[in-house]
Amino acid sequence: MTTSIFDALSAAEAERVRSTGTPVTLPAGWSPIGERTPADKAYIITTGEVSVRRHGTEIAQLGPGQIIGEAAIVNHTLRSATIVALTPIEAIHYTSEQLEQLVAEIPAFAEALSRAAAERHGEA
């Protein structure tokens with residue numbers, strides 16, 4: 001499993017990232033991101049686990065500290081996978097505008113997103 005998106009950030013940067021988004025709770029079975037849909041949001045998981053599925057087949061499971069939905073925003077593409085909550089999820093929700101603002105303001109966050117997106121491509 002990949003490392004936390006916060007690992008590469010200073011405490012102040014991590015707090016800025018956390019405070020920019022909106023805390024949300026999602027029930028098990030919920031699918032906050034669908035394959036081949038526009039890139040309009042991303043989430044950083046704080047508790048719980050999700051399944052990442054491409055064409056209905058699970059390709060990864062992600063948990064606390066990991067970001068979902070970022071690759072399509074960073075790459076300006078449609079979603080390449082569907083996300084399904086395996087457990088109840090607590091997460092921080094970001095609009096694409098909020099995520100792009102954080103990328104512009106915090107170089108370490110931009111690098112962490114690029115790394116996360118690259119690691120996901122390797123899992124497919």
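## Packing, sheet and salt bridges in a predicted model

Valine 17 is found in helix α1. The structure described here is a predicted model, and every value given below is computed from it. With a relative accessibility of 0%, valine 17 counts as buried, because the term applies to anything under 20% relative accessible area. Leaving out residues up to four places away in sequence, the side of the chain that valine 17 touches comprises Phe6, Leu9, Ile44, Tyr94, Leu102, Ile106 and Phe109.

Four strands make up an open sheet, arranged in the order β1-β7-β2-β5 with antiparallel pairing. At the edges are β1 and β5 (67-68), each of which pairs on one side only. Strand β2 and strand β7 (residues 89-95) run antiparallel and are joined by six bridges. Within this pairing, alanine 42 has tyrosine 94 of β7 as its bridge partner. Tyrosine 94 is also among the residues touched by valine 17.

Two helices are described in relation to the sheet. Helix α3 packs on the sheet and touches β2, β5 and β7, its direction making about 80° with that of β7. Helix α1 (residues 11-20) lies across β1, β2 and β7 and runs at about 85° to β7.

Serine 96 belongs to helix α3, which covers residues 96-105. Serine 96 counts as buried, at 11% relative accessibility. Apart from neighbours within four places in sequence, serine 96 is in contact with Ala39, Asp40, Lys41 and Ile73. Two of these residues, Asp40 and Lys41, also take part in a network of salt bridges together with Arg79.

### Salt bridges

How many salt bridges does a search of the whole structure find? The search finds three, and they are listed here.

| Salt bridge | N to O distance |
|---|---|
| Arginine 16 and glutamate 105 | 2.6 Å |
| Aspartate 40 and lysine 41 | 4.0 Å |
| Aspartate 40 and arginine 79 | 3.7 Å |

The side chains of arginine 16 and glutamate 105 meet in a salt bridge. Arginine 16 lies in helix α1 and glutamate 105 in helix α3, so this pair ties together parts that are 89 residues apart in sequence. Arginine 16 is partly exposed, with a relative accessible area of 30%. Glutamate 105 is likewise partly exposed, with a value of 40%.

Aspartate 40 forms salt bridges with lysine 41 and with arginine 79. The contact with arginine 79 joins the loop between β1 and β2, where aspartate 40 lies, to the loop between α2 (70-75) and β6 (82-85), where arginine 79 lies; the pair therefore ties together parts that are 39 residues apart in sequence.

### Backbone at two loop positions

Most residues other than glycine have a negative phi. Arginine 36 has a positive phi of about 65° although it is not a glycine. Its position is in the loop between β1 (22-26) and β2 (41-47). Is arginine 36 buried or exposed? At 60% relative accessibility, arginine 36 counts as exposed.

Histidine 55 likewise is not a glycine and has a positive phi, of about 55°. Histidine 55 is found in the loop between β3 (50-54) and β4 (57-62). With a relative accessible area of 67%, histidine 55 is exposed.

Methods:
Residues numbered from 1 in each chain as written. Predicted model: local features only at pLDDT ≥ 70, side-chain atom pairs only at ≥ 80, totals over all residues. Heavy atoms only, no water. Buried < 20%, exposed > 50% of the residue type's maximum accessible area, 1.4 Å probe, protein only. Contact = heavy atoms within 4.5 Å. Pairing = 2+ DSSP bridges. Axes fitted to C-alpha atoms, helices over the stretch in contact; angles between N-to-C directions.
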